[in-house]
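Please look over this model with me.

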Amino acid sequence: MVIFGSRLFGKVDEIPGLGYVATKFGHINFVPLIPLEGWLVVAEEGNGWRGQAISMSGKSVLVAWARFLFIVAGLISLVVGFVAFGDHEQTDAIVPGVIALACIGGLIASYKWKWVTHASPERAMEIAREAGIGEEGLDQLRRMYAASEAATVAAPAQPWTPPES
């Protein structure tokens with residue numbers, strides 16, 4: 001059975017309280033093939049989404065393709081490694097095993113690395129403007145990012161003198 005159509009892949013640049021950027025791809029069997037358009041997704045509903053079409057994000061397209069390649073290369077390397085290990089060629093299983101681990105690490109990082117998953121303040125403002133968010137919404141976004149930056153700034157270290165014994 002062949003499944004084809006279009007769906008969103010490459011979720012990146014999440015903006016808290018607003019949404020995230022994804023790319024609508026033409027796919028065959030859920031393999032993202034042809035990027036069609038960029039979206040700011042504000043809500044997911046069942047099998048669909050609500051949002052605003054925006055210009056295509058190169059980061060979203062690359063992340064979608066990279067995630068697919070991590071899965072395929074990781075599975076192939078895992079199978080090759082198990083076959084080599086089963087043939088009692090443990091040294092031949094090392095390289096495919098390392099590649100499989102690197103692919104698993106890359107896949108996990110693509111979902112956890114903040115540079116990929118969350119928009120910077122500048123990028124968030126750019127996306128919001130492109131989506132047609134009004135000045136009031138942009139001001140709220142500025143305040144939100146200013147508050148989160150202020151919360152992450154640590155106080156300078158105080159000099160420490162050891163107690164006298």
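1. First, the pocket definition. On a 1 Å grid over the protein atoms alone, a pocket is an open set of points with protein on both sides within 12 Å along at least five of seven lines, and lining residues have an atom within 4 Å of a point. The second largest pocket is lined by R7, L8, F9, G10, K11, Y20, A22, E44, G46, N47, G48 and W49.

2. On the source: this is a predicted model, where local features need pLDDT of at least 70, side-chain atom pairs count only at pLDDT 80 or more, and totals for chains, interfaces and linings use all residues. Residues are numbered from 1 along each chain as its sequence is written, and side-chain values use heavy atoms, leaving out hydrogens and water.

3. Strand 1 gives the most to the lining of the second largest pocket, with 5 residues. Strands are DSSP runs of E, at least two residues; helices are runs of H or I, at least four; both are numbered from the N terminus.

4. The largest pocket has a volume of about 300 Å³. Of its 14 lining residues, F9, G10, K11, R67 and Y111 are the closest to the centre. Strand 1, helix 1 (58-86) and helix 2 (94-112) each supply at least two lining residues. A volume is the space filled by probe spheres set on the points, with grid points joined across faces, edges and corners.

5. D13 sits in strand 1 (residues 4-15). Its phi is near 50°, a positive value in a residue other than glycine.

Note on methods
1 Å grid on protein atoms, 1.4 Å probe; cavity = no way out; pocket = protein on both sides within 12 Å on 5 of 7 lines; lining within 4 Å.
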